[in-house]
Amino acid sequence: MKGLDSEITSCIRVKDLCKQGRIDEAQAFLRQLGSSAAIINKHIVGVLVNALCKKKRFDDACTLVEELVQSRKVPTAPTYSLWISNLIDAGMVDRALNFFQSKKQTEGYVPETLCYNKLICGLLRENRLAEVYDLLAEMREAQIAPDKVTMNAALCFFCKAGMVDVAVELYNSMLDIGLTLNGFSYDHLINAKCGDGSIDESCGVLEDTLKQGYFPGKRAFQFLADSLCRDWRLDEMSKLMDAALQKNVKPSNSFV
């Protein structure tokens with residue numbers, strides 16, 4: 001009322017309406033902004049799209065995204081990436097992938113690295129390795145530089161595909177350029193190296209994980225412990241158990 005309206009106050013208003021559950025009012029307000037000369041930033045769109053998705057109103061969220069992009073009030077790539085990210089988080093990987101491919105073909109949509117990362121991680125969780133490979137190849141052809149998330153996702157892909165040597169090469173390359181693995185990648189690498197009998201390398205990866213302050217997940221811990229016990233490598237087993245106790249990780253009954 002005092003002429004202090006801005007994109008910041010608009011974002012606060014939308015967030016407040018969503019917190020109160022007044023999502024339809026928030027949508028109406030955002031559409032009103034879209035028809036005016038007001039600036040709409042990605043944070044306002046993100047707040048409302050996230051709120052709609054939490055309420056399982058995916059069709060409403062999709063319609064809103066389409067309207068805003070067509071009005072040219074918001075940048076295309078981050079808005080589409082936001083929508084795809086919400087679909088992946090909701091487990092709707094097929095819908096996200098179809099939307100992604102459709103917009104590339106019909107609108108010449110140029111995806112961000114973030115969008116590729118989200119899709120790759122969603123597909124990896126469902127073991128859809130052929131589609132992961134296609135996306136990684138697509139990124140390479142488009143000369144889209146991989147970031148830490150992409151590199152971790154690629155490493156998991158190689159492990160799941162049984163290409164352990166390639167995964168190890170990628171792992172060493174990441175260390176050389178100062179990129180760290182996430183816990184998901186460490187677990188996959190430990191499992192893969194144990195699976196092909198490379199216990200020494202698995203122990204080396206374990207030492208790296210502990211240096212990064214991360215302890216293997218339950219499955220990787222069990223897999224590594226089984227491998228060490230099977231080979232009677234009691235010193236390494238003792239170190240693993242000490243590390244588990246320091247992290248307050250309870251071993252299964254088979255190790256007690």
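**Exercise 1.** Which cysteine sulfur is closest to the sulfur of Cys 203, and how far away is it?

*Solution.* Note first that this model is predicted. Step one: find the closest cysteine sulfur. It belongs to Cys 194, and the distance is 7.6 Å. Step two: compare with the cut-off. A disulfide needs two cysteine sulfur atoms within 2.5 Å. The sulfur of Cys 203 is therefore too far from that of Cys 194 for a bond. Step three: check the surroundings. Cys 203 is buried, at 12% relative accessible area.

**Exercise 2.** Find how many disulfides the model has, then examine Cys 53.

*Solution.* Start with the bond itself. A disulfide is a covalent bond between the sulfur atoms of two cysteines. Under the 2.5 Å cut-off, the count is 0 disulfides. Now take Cys 53. Its nearest cysteine sulfur is that of Cys 62, 9.5 Å away. Cys 53 is in no disulfide. Cys 53 is also buried, with a relative accessible area of 7%.

**Exercise 3.** Work out where the buried residues of helix α2 lie and what they pack against.

*Solution.* Helix α2 covers residues 23–34, which is 12 residues. From first C-alpha to last, α2 reaches 16 Å, close to the expected 16 Å. Next, list its buried residues: Ile 23, Ala 26, Gln 27, Phe 29, Leu 30 and Leu 33. Look down the axis of α2. These residues fall within an arc of 165 degrees, so they line one face. Last, find their partners: α1 (7–19), α3 (42–54) and α4 (58–70).

**Exercise 4.** Is Ser 185 buried or exposed?

*Solution.* Locate Ser 185 in helix α11, residues 183–195. Its relative accessibility is 0%, so Ser 185 counts as buried. Leaving out residues up to four places away in sequence, Ser 185 touches Asn 152, Leu 155 and Cys 156.

Key:
Residues are numbered from 1 along each chain as its sequence is written. This is a predicted model: local features need pLDDT of at least 70, side-chain atom pairs count only at pLDDT 80 or more; totals for chains, interfaces and linings use all residues. Side-chain values use heavy atoms; hydrogens and water are left out. Helices (H or I, at least four residues) and strands (E, at least two) are DSSP runs, numbered from the N terminus. The expected span of a helix is 1.5 Å times one less than its number of residues. Buried means under 20% relative accessible area, exposed over 50%, partly exposed in between (1.4 Å probe, protein chains only). The arc is that of the directions from the helix axis to the C-beta atoms. Contact means heavy atoms within 4.5 Å.
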